[in-house]
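Please read the notes below alongside the sequence and the coordinates.

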Amino acid sequence: MMKPEDALIAHSGLDEIAAKSRLPALLDVTQSVSGLLLALFMWGHMLFVSSILISKDAMYSVTKMFEGYYLFGTSQPWIVAVVIFLVICLFVLHAALAMRKFPASYRQYRKLLVHKSRMQHSDTSLWFIQVYTGFAMFFLASAHLFSMLVNPGEIGPYASADRVWGGMWPVYLLLLLAVELHGGIGLYRLAVKWGWLQGSDAATGRRNLLRAKWIITGVFLLLGLLSLAAYMKIGFEHRDRAGERYQPSLLQSPAPLRPNVPGSAAIGALARVPS
């Protein structure tokens, strides 16, 4: 038999509210976890892309590692496609959850602007930057991810440089700015929201986190710009041979020796003998 207080709660609808109250918290946790995973992926992706600053051979080796060459003995681009597909799913999930907090109408947007101007709160301003960069990433990141999904084998010192020089550099430049700002702010807000790395003094800890956030963002922006410039340079130098795949230095044919050097013919013949 139902108790009187239980009947009162049931008729008032409070039981439904209690049952649904966990959903917003679950969605918040899911949004935080997906954002954290995407940010960590982007940091790893930046380190992978910036291997071109070491050498073409270094970037080639990293590419082959992700294609499973050193495990299977041959390149398997489908591995890259699977990773990209998972990233797309995570990206769509995170975007869908984040849109819950976006203004749903122009009136709400105007109220938020008034709130921002009156509060003059730095974290609120950072949230607005996240909204703008997130909107930009919806188009820029989607274009990049879909291109990589359908062409997983088009990654390498020459293939990537040809793509950058061939007209994708504006997309990558804007995407770099959007990703680093959005991801850096997101990690800072995650740390503040869940109380990570703040120490005993929350105000001081927040200032230190904000300072660290801008330093990390600056470092990755610089790394990304230098990498983009390196791909542009390689693409420019390779423009007449666009489509050619890079061969590591160990597999490249030795340079012909000058005929006036004594013994050059014999040495050249030995160099052409397969190992």
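1. Glutamate 244 has a relative accessible area of 33% and is therefore partly exposed. The model is a predicted one, and this applies to every point that follows. Glutamate 244 pairs with arginine 241 in a salt bridge, with 2.9 Å between the closest N and O atoms. Arginine 241 is also partly exposed, at 42% relative accessibility.

2. Elsewhere, salt bridges with shared partners connect Asp28, Arg100, Lys101 and Lys193 in one network. The count of salt bridges in the model comes to eight.

3. Because aspartate 28 belongs to helix α3 and arginine 100 to the loop between α6 (77–98) and α7 (106–119), the pair ties together parts separated by 72 residues in sequence. Aspartate 28 also meets lysine 101 in a salt bridge, at 2.9 Å from N to O. This second pair links distant parts of the chain too, as lysine 101 sits in the loop between α6 and α7, 73 residues from aspartate 28.

4. Are the members of these two pairs buried or partly exposed? Aspartate 28 counts as buried because its relative accessibility, 19%, is under the 20% limit. Arginine 100 has a relative accessible area of 36% and is partly exposed. Lysine 101 is likewise partly exposed, at 36%.

5. Glutamine 31 is placed in helix α3, which covers residues 22–49. Its relative accessible area is 15%, so glutamine 31 is buried. Leaving aside residues up to four places away in sequence, glutamine 31 touches His94, Leu97, Ala98, Arg100 and Lys101.

6. In α4, the buried residues are Ala58, Met59, Tyr60, Thr63 and Lys64. What do the buried residues of α4 pack against? Their contacts are with α3, α5 (69–72), α9 and α10 (202–237). Just after α4, glycine 68 adopts a positive phi of about 75°.

7. The second largest pocket holds about 150 Å³ of space. It is lined by 13 residues, of which Tyr60, Lys64, Ile155, Arg245 and Tyr246 are the closest to its centre. Both α4 (56–66) and α9 (157–194) supply at least two lining residues each. By class, the lining comprises six nonpolar, four polar and three charged residues.

Terms used. Residues are numbered from 1 along each chain as its sequence is written. This is a predicted model: local features need pLDDT of at least 70, side-chain atom pairs count only at pLDDT 80 or more; totals for chains, interfaces and linings use all residues. Side-chain values use heavy atoms; hydrogens and water are left out. Helices (H or I, at least four residues) and strands (E, at least two) are DSSP runs, numbered from the N terminus. Buried means under 20% relative accessible area, exposed over 50%, partly exposed in between (1.4 Å probe, protein chains only). Contact means heavy atoms within 4.5 Å. On a 1 Å grid over the protein atoms alone, a cavity is a set of points where a 1.4 Å probe fits but cannot get out, and a pocket is an open set with protein on both sides within 12 Å along at least five of seven lines; lining residues have an atom within 4 Å of a point. Grid points are joined across faces, edges and corners, and a volume is the space filled by probe spheres set on the points. Ala, Val, Leu, Ile, Met, Phe, Trp, Tyr, Cys and Pro count as nonpolar, Asp, Glu, Lys and Arg as charged, and the others, Gly among them, as polar. A salt bridge is a side-chain nitrogen of Lys or Arg within 4 Å of a carboxyl oxygen of Asp or Glu.
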